[in-house]
Amino acid sequence: MSVKFEKETVKKTAIPGGLKHEIAHEIGERLTGGESAAGYLAAYLKQLQENPLRTKMLTSGSLAALQELLASWIAHDRSKHGHYFSARVPKMAIYGAFISAPLGHVLISILQKLFKGRTSLKAKILQILVSNLIVSPIQNSVYLVSMAIIAGARTFHQVRATVKAGFMPVMKVSWITSPLALAFAQKFLPEQTWVPFFNIVAFVIGTYINAHTKKKRLAALRKKHYGDGRSNSGRTDDFPRRDY
């Protein structure tokens with residue numbers, strides 16, 4: 001008596017989306033940690049809780065450098081060597097880490113202490129007003145002064161002219177976006193994700209403002225010093241003293 005075994009063919013059912021679906025799922029798992037708490041976001045939030053100032057300094061420095069690089073590319077603002085990676089990139093990293101992050105850390109801490117335990121609608125509105133009328137003007141003024149110095153301004157007149165020209169446009173953007181971002185976070189996001197969310201919002205807005213400022217500055221400098229022409233590198237100097 002002979003027994004014949006037939007090979008059983010197992011067909012694999014393709015997952016909709018195939019490899020792309022698997023890659024997207026893997027990225028999502030690594031970012032959020034999925035059901036565990038091992039994702040990048042969880043690790044970042046843990047560091048933010050344990051070492052708030054250091055984490056903010058590293059985050060702000062990295063995003064400021066990336067923002068400068070991206071804004072230069074958008075505005076076609078090249079160095080005299082024809083590169084988008086200029087001396088401004090590390091300077092922006094220094095600004096983000098050692099000026100912007102500590103200043104924001106102190107101002108937001110004061111703001112939170114002033115309204116700690118106050119959850120009424122009136123308190124929330126007052127907090128938004130204080131943020132937009134006091135905190136934002138301080139941060140934006142320091143930002144514009146820093147940008148002027150990084151751009152090569154060395155006299156009080158040059159710095160004041162930069163702040164005067166850019167202050168109200170920057171404030172208008174802040175007054176529009178800040179309440180919207182805060183309202184979105186309050187309604188849709190858990191509090192532990194607010195910091196990375198606001199970092200992303202600030203990065204996008206800062207890139208737009210930086211690129212817009214670069215375009216206006218380059219156009220004004222070309223008109224003043226070169227007529228309608230450009231330099232050989234496709235870029236004009238910001239102020240007489242530059243180091244790249």
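Reply: Helices are DSSP runs of at least four residues, numbered from the N terminus. In this predicted model, Ile108 belongs to helix α4.

Me: Is Ile108 buried, partly exposed or exposed?
Reply: Buried means under 20% relative accessible area and exposed means over 50%, with partly exposed in between. Ile108 has a relative accessibility of 32%, so Ile108 counts as partly exposed. Its C-alpha is 7.9 Å from that of Val135, a residue 27 positions away in sequence.

Me: How is a pair of packed helices described?
Reply: Two packed helices are described by the angle between their axes and the distance between those axes. Here α3 and α7 (residues 194–225) pack at about 40 degrees, and their axes are 8 Å apart. That angle is why α3 is oblique to α7. The crossing of α3 past α7 is right-handed.

Me: Which residues make the contact between α3 and α7?
Reply: On α3 they include Leu63, Leu66, Leu70 and Ile74, and on α7 they include Ala202, Phe203, Lys214 and Leu218. By class, the contact has ten nonpolar, seven polar and three charged residues.

Me: Where does Asp77 lie, and with which side chain does its side chain make a polar contact?
Reply: Asp77 is in the loop between α3 (52–75) and α4 (88–114). Its side chain makes a polar contact with the side chain of Lys214, at 3.2 Å. Lys214 is also one of the α7 residues in the contact with α3.

Me: Is Asp77 buried or exposed?
Reply: Asp77 counts as buried, because its relative accessibility is 2%.

Note on methods:
Residues are numbered from 1 along each chain as its sequence is written. This is a predicted model: local features need pLDDT of at least 70, side-chain atom pairs count only at pLDDT 80 or more; totals for chains, interfaces and linings use all residues. Side-chain values use heavy atoms; hydrogens and water are left out. Helices (H or I, at least four residues) and strands (E, at least two) are DSSP runs, numbered from the N terminus. Buried means under 20% relative accessible area, exposed over 50%, partly exposed in between (1.4 Å probe, protein chains only). A polar contact is a pair of N or O atoms within 3.5 Å; within protein, one must be able to donate a hydrogen and the other to accept it, and residues adjacent in sequence count only if both atoms are side-chain atoms. Axes are lines fitted to C-alpha atoms, for helices over the stretch in contact, and angles run from 0 to 180 degrees between N-to-C directions. Angles under 35 degrees count as roughly parallel, over 145 as roughly antiparallel, 65 to 115 as roughly perpendicular and the rest as oblique. A crossing is left-handed if the near helix is turned anticlockwise from the far one by less than a right angle, and right-handed if clockwise. Contact means heavy atoms within 4.5 Å. Ala, Val, Leu, Ile, Met, Phe, Trp, Tyr, Cys and Pro count as nonpolar, Asp, Glu, Lys and Arg as charged, and the others, Gly among them, as polar.
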